[in-house]
Amino acid sequence: MSVAPSLRGAAKAARRHPSGRGGGRRRAGVVLLLAMAYAAGLLMFVLGGGGPVDVGGGGVTVASFRRRGAPARSPPPPPPGSVYRSHIVFERLWPDIRDDAAPASTATAAFASSLSTPSSWRRSMLTTPRYPDSGELWMPCVKRRLIPSELPPSNGYLIVEANGGLNQQRLSICDAVAVASLLNATLVIPVFHLNSVWRDPSKFSDIFDEDRFIETLRQHVRVVKELPKDVLLRFNHNISSIPNMRTKAYSSPDHYLQKVLPKLLELGVVRIAPFSNRLAQSVPSNIQALRCLVNYQALRFAEPIRVLAEDMVVRMMKKSSSTGGKYVSVHLRFEEDMVAFSCCTYDGGPKEKIEMENARERSWRGKFHRPGRVINPEANRRDGKCPLTPLEVGMMLRGMGFDNTTFLYVASGKIYNAAKYMAPLRQMFPLLETKDTLALPEELAEFKGYSSRLAALDYTVSVQSEVFVTTQGGNFPHFLMGHRRYLLGGNAKTIKPDKRKLVLSFDDPNIRWSRFKRQMQDILHHSDVRGIAFRKPNDSIYTFPMPDCMCQQDGT
C-alpha cells in the first residue's frame, strides 16, 4: 500500500469543502497536519514490522507489514525442567564426578575409611543401625490379631481374575481372600489374565507355592485349586457363563454384602473380573489382618523361583562382603513400555519418536489418539511423571554421596536402548549387578519370557538390601517398601526422590558439581527416609503395614 494516495485524498477533501477564506485555510491546515501525522505513524509501524492496525471511522486497515529480511519472533523458552538435558549436564560434570570418587582399585580401603567419615552420606545410609531406638521397634503380629475358629458352611464359590504384573496380581490375590472372608465363600485359586503389556502366560502355581497358600489360610478361608465338576456342569463347563459381578474400584465391604452376596446365595458361585483394587483401603481390623497374613505369610514364591532368588541374595552379599554384605537396590523403570506409556521425550530424536509411537500402538491400540486426549511431554516432565533414565539415577546417587565403591543391584525389565542408557550408570557405579550378572545363563533360562517370574527374582534381592531406591510409582516399589518395613522392624531405609525438584537440577547445563551435590543431598534429606511410617485412612496396607500388621516390641 502507498501512503501518498492517503495524503492526496486528505488534501482534496480539504479543497472540496471550503468554509470561508480564513476558516477554510485553517481547516485545510488541520486536515493536512492530521494526514501527515497519520502517514508518519503508519511509516513507523511498517518499519517496525508490526501486525494489523485498524483506523476507525471508515479509515484504512493494514493487514500485516514486515521489513524485508526481518527475523521472525522466536517462541518463548519452555519453563525450567521441561526438556531432557541430563545427558548434557552429565558430559559437563563427568570430570568432577570422576574425581570425586575413589579409584576402583582401592574400593575396599576407601569404603573402610568412609565408615569413619562423619560427612559420608553413604555411611549414614549403609551403616547406621536400623533400630536407633529399641522403643520404636515394631514386630509382625498377624497371628495375634487373627483368632482361628471353625469355619461355618460355605455360601458358595468365588472366582476372580487377577490382571497386571507380579505385584498387581499379588494385590488382587490378597484382596480376593479378604472378599471371600466377607462373603464366607470358598475361593478358587485366582486365574491370571494374560496382559497385553506383560505378556506372561504363567499360572498361579508357576509363581507362588499353591499348597503353602491353601494350608496357611486353612483356618480362615477355604481355598480350592479348581471349581468342582458338578458346579462347572451347571454352566456347560464354561467359566465365562458364570455371572460376572462387575465391581467398581475400592468398593466397600457393604457393597459386597448387599450386591454380591445375594447372587452368591442364589447361584452358589459368582465371578468378578477384572479384580484389581476392588476392595476399599479401610476395612474392619480382622479383614486387614487377613490381608497381612496373605501378603507376608501365605504368598511364598514357587520353589524354582525361591531357590534361585535366595542364591542370588547370597551371591550379592558375598560380593559386597567388604561393606558387611550391605548393598543398595534400585528399582529402575525405563523399559520400552514404561517410556512409551509416559509420553515423555528424551534425547533419541525422530528414531525414538517412531519407536515410542509403535510401542504405544502395539500395547494400547489407539488409546493415545482418542478424541480429546492431549499429550504434553514438557508438562509431564515438570510434574515429575517421566521415568528417570539410568544416567539420571546414577547422577542422583553420586550427588547424594554414594561413590563408585557402592555395591548396586538394579532391578528392572529390559531397559529401552540399554547399550546407550546403561553405559553411564555403569561408568558411575562399576560394582553394579543385575539378575543377568548374578545368575548364570542356564539358571535364568527357565524364566526367560516370563516377566512375573523374573520380577520375583528382583523382588527377593531388593527386599534384602540395606537401602532401596524407587524411581517411579507402581505396585513393585509400593509392595517392596511395605515388605521391607514388615521384615525390618518398621524401620526400612528408602530413597524416594521428589522428581519435580530433580528435573530442575538436570535442566541447567552450567550447574557446578558442588551445587548439584547440595541439591541432591537436600532431596535425600526430604525423601522418604522415614523408618516409622503409619498407615493413614486412605493409604495402602501393602505399603504401610503399621499398625494393622505389626505390634510394638513390648506387645502393645
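Figure 1. Of the contacts (heavy atoms within 4.5 Å) in the protein chain with a separation of 6 or more, 78% are accounted for by residues 24 or more positions apart. The model is predicted, so that local features need pLDDT of at least 70 and side-chain atom pairs count only at pLDDT 80 or more, whereas totals for chains, interfaces and linings use all residues. Residues are numbered from 1 along each chain as its sequence is written, and side-chain values use heavy atoms, with hydrogens and water left out. Buried residues (under 20% relative accessible area, 1.4 Å probe, protein chains only) make up 48% of the 556 residues.

**Figure 2. Close-up of helices α21 and α22.** Seven of the residues in the contact of α21 with α22 are nonpolar, two are polar and two are charged.

**Figure 3. Close-up of helices α7 and α21.** Helix α7 (residues 166-183) and α21 pack at an angle of about 90°, with 9 Å between their axes, and the two are therefore roughly perpendicular. From α7, L166, N167, Q169 and R170 meet S452, A455, A456 and Y459 in α21.

Key: Buried means under 20% relative accessible area, exposed over 50%, partly exposed in between (1.4 Å probe, protein chains only). Ala, Val, Leu, Ile, Met, Phe, Trp, Tyr, Cys and Pro count as nonpolar, Asp, Glu, Lys and Arg as charged, and the others, Gly among them, as polar. Axes are lines fitted to C-alpha atoms, for helices over the stretch in contact, and angles run from 0 to 180 degrees between N-to-C directions. Helices (H or I, at least four residues) and strands (E, at least two) are DSSP runs, numbered from the N terminus. Angles under 35 degrees count as roughly parallel, over 145 as roughly antiparallel, 65 to 115 as roughly perpendicular and the rest as oblique.
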